[in-house]
Structure formats: C-alpha cells, structure tokens
Amino acid sequence: MSHADPEQLAGLALDPTDGPADVREHAETCPECAGLVAAFTGVRRRAGADALVPPPAGLRAQVLAEARTGDTSPLSRPVTTEPASRRRVPLWLAGVAAALALLAGVGLGRIGTGTETPEAVEPPAGTVVAATALTALDSDAERGEASVVQTDDTFTIRVSASELGDEPGVHEVWLINVDGKRMISIGLLASGDEGEFAVPMDLIDQGYRIVDISVEPDDGDPTHSGVSLARGELA
Amino acid sequence: MTIIPFPARAARRYGGPVVTGAMSFEDEQDDGVLALAARLVAGDETALEEIYDRWSALVHTYALRALHDPHDAEEVTQQVFVAAWRSRHTLTPSPAALPAWLVGIARHKVADVRAARARDADRLAAVVSLTGARDDTLQAADDEVAERLVVRQAVEDLPDPRRTIVFLAFWEERSHAEIAEKVGLPLGTVKSHVRRGLMKLHQQLEGVRHESR
C-alpha cells in the first residue's frame with residue numbers, strides 16, 4: 001500500500017482511535033508513516049506555550065536606525081545594489097548641503113549686518129528658541145550644551161561641547177529626527193569643542209531636534225560612524 | 001566614549017502589518033514569506049521593518065526565556081535584527097527560512113551573553129568545571145523553548161478561522177464538538193482545520209529545525 005494521507009496521520013496523532021482501520025494498520029507497520037505520526041504528536045505536545053512577549057515599543061526604531069547607520073561593514077555593502085547607493089548618496093549630499101547652508105548663513109549674516117538700518121545695528125544676538133544639555137549616551141555625564149538661535153528667518157545651532165575624549169577622528173555634528181528614522185549631518189566641530197551651524201528652519205520643524213556628536217574616523221565613509229559621544233534633544 | 005545604537009528614541013509606530021486575508025491560503029502565506037526574504041536580501045529596508053514586526057516577539061520571547069533578564073533580552077533582540085540586516089546576503093529564501101534564520105542568530109547571541117556572564121563569573125570565582133555539560137543542558141532547554149515558541153508563532157500566523165480553531169483545540173483543550181459549536185462550523189470542517197493546522201505547525205517547526213542549525 002502506498003503511504004497514508006498525511007492529514008489522516010495528523011488525525012491519528014490527535015486521536016489514535018480516529019480514522020479508517022486500514023490507515024491505522026498501515027501507520028503501525030510503515031516506519032515512515034509512523035514517524036510522521038510521531039512527529040505530529042511531538043508538535044502537538046509543543047503547543048501550549050504562553051503568548052509571545054513583544055519587545056518594548058522603543059526598540060523598533062533603535063533596530064532600524066542601527067541597521068541603517070551601522071551598515072558599513074564591507075560585507076554588507078554591495079556596491080551594486082540600488083537601495084544602498086540611493087540611501088547613501090543623499091546622506092553625503094546632506095553633508096555638503098549642510099556645509100553650503102552654513103556658508104550661506106554666514107554670508108547672509110554679513111551682508112545683513114552691513115546693510116542694516118542703524119536701529120538694528122546691535123549685534124544679531126538673536127533669540128534662543130531651544131536648548132539642550134548634551135550628555136554621554138551611557139551615563140548622564142555632561143558633555144556641554146547646544147542651543148538654537150533664531151535670527152530673522154535663520155536658525156543657528158550653537159554647540160559648545162566638553163570632554164569629548166581623545167578618540168582619533170573628527171567630531172561631526174548631526175541632527176537626528178525624533179522619528180528615529182532620519183538624520184542629517186550639519187557639519188564638523190572644526191575648532192575644538194565649539195561650533196555654529198546654520199540650518200534651514202524647517203528642519204527643526206520636521207523634527208530634527210536631537211543633536212548628536214559623533215567621532216568619525218578618516219575612512220572615506222560619509223555616514224555616521226555609529227559612535228556617538230554626546231547627545232541631547234532640543235526643547 | 002560610547003558605542004551606542006542610535007537614535008535612541010521611542011518608536012512612533014506600533015504593531016505592524018499582520019493582515020492575512022480571511023480566506024488566504026497557506027501557499028500564499030509561504031509566498032509572502034519568500035517574497036519578504038527576497039526583498040531583505042536585495043537590501044530593502046522596509047522588508048526589515050516587516051520582518052521585525054512579524055518576528056520580533058518570537059525572538060524577544062526566546063531571549064527572555066533563555067536569559068531571564070529583560071534588559072539582556074532586549075539587547076539580544078536588537079542584535080539579532082541588526083545582525084540579520086547586516087548578514088542578509090547569507091540568507092537563502094525558503095518558506096521557513098526567515099524564522100529559522102532569526103532563531104539561529106538568536107541562539108548565537110544568547111550564547112554570547114551566557115559566555116560573557118560566565119567570564120564575569122569566572123572573574124569572581126574560577127569555576128571552570130562542568131561548563132561544557134551545563135552548556136549542553138542549557139542548549140537543549142533553549143531548543144525546547146525555541147520550538148514551543150515557533151509553534152506558538154506558527155499558530156498566530158494561521159489564517160482564521162483555522163487559527164482560532166487550532167488555538168481552542170490545542171491551547172484550551174476543547175473537544176472538536178465544543179469548538180464546532182463555538183465557531184459555528186460543521187464538526188467535519190473543524191476536524192479538518194485542526195488536522196491541517198497541525199500539519200502546518202509541523203511544517204514550520206521542521207523548517208526551523210533544519211535551517212537554524
């Protein structure tokens with residue numbers, strides 16, 4: 001006789017008295033079918049586990065962000081795949097855009113002060129519209145502060161960091177979106193721990209409010225190294 | 001200096017697309033998993049999101065049962081999915097490949113945490129004897145846990161009414177007649193759902209057994 005129908009064998013696993021006599025007989029003598037019944041019985045025995053416990057809701061964003069930004073090992077970077085290159089170029093461009101924005105901001109500022117009417121001559125101090133303390137990520141150790149200064153329609157992010165350590169590399173400043181999905185480089189702390197970065201106003205409005213300082217090795221990779229020295233959320 | 005995953009923000013999205021058409025067929029389900037695996041291999045980030053939404057509870061529960069520490073379990077869960085993304089090129093898509101693969105990665109990560117704990121313990125007291133035997137016992141217990149969780153996940157993945165019927169039969173130990181009355185289906189239909197459900201669970205479990213080692 002050919003092998004029994006698996007569904008009938010499943011029935012036997014659930015109730016050995018269930019099913020046509022010939023199937024039962026066959027399952028007793030055929031090692032293969034008996035094995036399947038035993039396997040089904042084993043599965044049945046493994047039923048009953050408690051409901052699965054989902055991880056905390058916050059983990060999802062962390063996983064996705066880490067997968068995205070830490071995607072730098074040579075093995076996992078197929079130069080030929082579209083999505084990877086599509087993702088990486090804008091980040092690089094973002095750096096350039098941020099640098100340009102910085103230059104533009106400085107330039108406009110100069111022009112602005114040069115042509116302003118006398119009553120507006122006082123230094124363009126601007127208004128601090130948001131600020132945050134910067135702290136280490138693995139502790140509450142202080143790492144300085146960051147603030148957003150609004151002058152006319154320009155936002156300038158002032159970073160005054162401290163104790164960033166002596167890990168080799170340059171310190172790059174990023175804005176991470178509170179959605180945990182997007183980030184943008186706004187420039188380098190070129191002269192030590194202080195820096196000012198003009199950013200388009202709508203970036204802040206879009207939720208790019210987390211200031212992050214990374215240390216970047218000179219490896220030609222324009223993406224975040226994954227090593228954050230300090231962070232704070234502007235509020 | 002710190003190496004920390006980032007951004008360390010709470011997720012703004014909850015749950016995920018766990019929609020299976022009421023009348024969906026098992027083959028469609030498999031095709032869906034295959035397609036998902038293929039997208040992951042191709043580097044599609046949304047595939048990672050879907051995979052996380054679908055299997056993070058399985059991975060997290062496994063780590064939780066194996067390590068008995070919520071923090072470690074969370075850490076392992078994160079590592080598993082990040083590692084899955086980074087080593088996605090090593091995945092060979094098959095219907096059971098994704099859960100099997102994730103469970104396989106989770107085994108390794110759990111072992112890493114145990115090794116780290118053992119090293120810490122060694123520093124306190126140089127207890128080296130019986131380590132191997134203990135590991136084997138632990139591994140066997142872990143495997144049993146993993147299999148039970150995979151079965152649980154497979155039930156959750158069944159299309160209704162099969163899922164409800166299998167759940168009533170295996171978890172609540174209801175008789176076929178009771179179930180028939182409860183769900184309003186003929187006894188024969190209920191019986192068939194239970195048997196086919198069992199076959200499907202078996203198929204999933206076998207897949208995980210073969211591919212996660």
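The legends below describe close-up views of a predicted model.

View 1. Most of α2(B) is covered, since 17 of its 23 residues are buried. The residue that follows α2(B) is B:H68, which has a positive phi, near 55°.

**View 2. Strand β3 of chain A and its two faces.** In β3(A), which spans residues 154-161, the covered face is made up of A:F155, A:I157, A:V159 and A:A161, whereas A:T154, A:T156, A:R158 and A:S160 belong to the uncovered face. Strand β2(A), residues 142-151, pairs with β3(A) in the antiparallel sense over eight bridges, and within this pairing A:E145 has A:S160 of β3(A) as its bridge partner. Two residues lie between the strands in the hairpin of β2(A) and β3(A), where A:D152 takes a positive phi near 50°. Strand β6(A), residues 194-199, also pairs with β3(A) in the antiparallel sense, here over six bridges, and A:V199 of β6(A) is the bridge partner of A:F155.

**View 3. The surroundings of A:I157.** Residue A:I157 lies in strand β3(A) and belongs to the covered face of that strand. A:I157 counts as buried because it has 24 C-beta neighbours inside 10 Å, where the cut-off for a buried residue is 20 or more. When residues up to four places away in sequence are not counted, A:I157 touches A:A146, A:V148, A:I186, A:F197, A:V199 and A:V211. One of these, A:F197, is 40 residues apart from A:I157 along the chain, yet the C-alpha atoms of the two are separated by 5.0 Å.

View 4. Residue B:L168 lies in helix α6(B), which covers residues 162-171. B:L168 is buried because 20 other C-beta atoms lie within 10 Å, and 20 or more is what a buried residue requires. Leaving aside neighbours within four places in sequence, B:L168 is in contact with B:R174, B:I179 and B:K182. For B:K182, which is 14 residues apart from B:L168 along the chain, the separation of the two C-alpha atoms is 9.5 Å.

Definitions and conventions: Residues numbered from 1 in each chain as written. Chains lettered and ligands numbered in written order. Predicted model: local features only at pLDDT ≥ 70, side-chain atom pairs only at ≥ 80, totals over all residues. Buried ≥ 20, exposed ≤ 12 C-beta atoms within 10 Å, placed from the backbone. Helix = DSSP H or I, 4+ residues; strand = E, 2+ residues; numbered from the N terminus. Contact = placed C-beta atoms within 7 Å. Pairing = 2+ DSSP bridges.
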